[in-house]
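Please consult the sequence and coordinates shown below while reading.

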Amino acid sequence: MKKNPVACAAGLAAIECIESDGLLENARVVGEHALARIAQMKQRHPIVGGGRGLGLLLGIELLKDRATGERATDEAERVMYQALEKGLSFKVSMGNILTLTPPLTISRQQMDRALDIVEECLAIV
């Protein structure tokens with residue numbers, strides 16, 4: 001089996017860019033900040049069951065009732081479409097988890113704006 005040298009060169013260039021631009025550290029720092037913001041959202045919005053993530057792969061779980069764990073599927077879809085109208089795109093996983101996967105280059109300010117939009121939409125729902 002032959003390997004494609006162009007694909008290998010592209011992969012190495014991507015790794016070099018990730019290392020030289022400090023994108024892993026940025027993902028860690030901004031991701032931790034986002035999880036702290038999501039924890040604050042949980043305190044303000046009963047529909048937020050919790051947040052979890054690793055780096056910039058983030059999930060915000062929406063629940064109708066925290067005690068029973070009943071999923072807020074309709075509400076999650078409404079939040080997603082409200083956010084899309086405000087310029088923020090993400091997907092819903094498992095019916096009730098808002099899944100945010102921003103680029104590795106996202107700044108803390110950009111993440112704050114995205115989470116502000118999510119919170120605005122949670123307040124509407």
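## Strand pairing

β2 and strand β3 (residues 70–71) run antiparallel and are joined by two bridges. The model is predicted, so local features need pLDDT of at least 70 and side-chain atom pairs count only at pLDDT 80 or more, whereas totals for chains, interfaces and linings use all residues. Residues are numbered from 1 along each chain as its sequence is written, and side-chain values use heavy atoms, with hydrogens and water left out.

Helices (H or I, at least four residues) and strands (E, at least two) are DSSP runs, numbered from the N terminus. Two strands pair if DSSP finds at least two bridges between them. The bridge partner of D65 in β3 is E70. β2 and β3 form a hairpin with four residues between them, and G69 in that turn has a positive phi of about 80°.

β2 also pairs with strand β1 (residues 48–54), in the antiparallel sense, over six bridges. Within this pairing, V48 has L62 of β2 as its bridge partner. Two residues lie between β1 and β2 in their hairpin, where G55 of the turn adopts a positive phi of about 65°. A further antiparallel pairing joins β2 to β5 through four bridges; here I60 stands opposite L98 in β5.

## Nonpolar core

A nonpolar core is a set of buried Ala, Val, Leu, Ile, Met, Phe, Trp, Tyr and Cys residues joined through side-chain atoms within 4.5 Å. Buried means under 20% relative accessible area, exposed over 50%, and partly exposed in between (1.4 Å probe, protein chains only). The largest such core has 28 residues, of which L62, F90, L98 and V118 touch the most other members. At least two residues of this core come from each of α2, β2 (57–65), α3 (73–85), β5 (97–100) and α4 (108–124). Helix α4 supplies the largest share, seven residues. In soluble globular proteins, nonpolar side chains tend to be buried together.

Leaving aside neighbours within four places in sequence, L98 is in contact (heavy atoms within 4.5 Å) with residues including L58, I60, L62, V79, F90 and V118.

## Helix α1

Helix α1 (residues 5–20) has 16 residues and should span 22 Å at 1.5 Å a residue, which agrees with the 22 Å between its end C-alpha atoms. The expected span is 1.5 Å times one less than the number of residues. At the start of α1, a side-chain oxygen of N4 comes to within 2.8 Å of the backbone nitrogen of V6. G22 follows α1 and has a positive phi, near 65°.

A7 is located in helix α1 and is partly exposed, with a relative accessible area of 47%. The C-alpha atoms of A7 and I106 are separated by 26 Å, the two residues being 99 residues apart along the chain.

## Salt bridges

The structure holds 10 salt bridges, each defined by a side-chain nitrogen of Lys or Arg within 4 Å of a carboxyl oxygen of Asp or Glu. Three of them are listed below.

| Pair | N to O distance |
|---|---|
| E32 and R28 | 3.2 Å |
| D112 and R37 | 2.8 Å |
| R37 and D116 | 2.7 Å |

E32 and R28 are four residues apart in helix α2, so about one helical turn separates them. Both residues are partly exposed: E32 has a relative accessibility of 46% and R28 one of 38%.

The side chains of D112 and R37 meet in a salt bridge. Because D112 lies in helix α4 and R37 in helix α2, this pair ties together parts that are 75 residues apart in sequence. R37 is buried, at 11% relative accessibility. The side chains of R37 and D116 also meet in a salt bridge. With R37 in helix α2 and D116 in helix α4, the pair ties together parts 79 residues apart in sequence. D116 is partly exposed, at 30% relative accessibility. Salt bridges that share partners join R37, R44, D112, D116 and E119 into one network.

H33 is also found in helix α2 (residues 23–44) and counts as buried, at 14% relative accessibility. Not counting residues up to four places away in sequence, H33 touches R108 and D112.

Notes: Polar contact = N/O pair within 3.5 Å; in protein donor to acceptor, adjacent residues only side chain to side chain.
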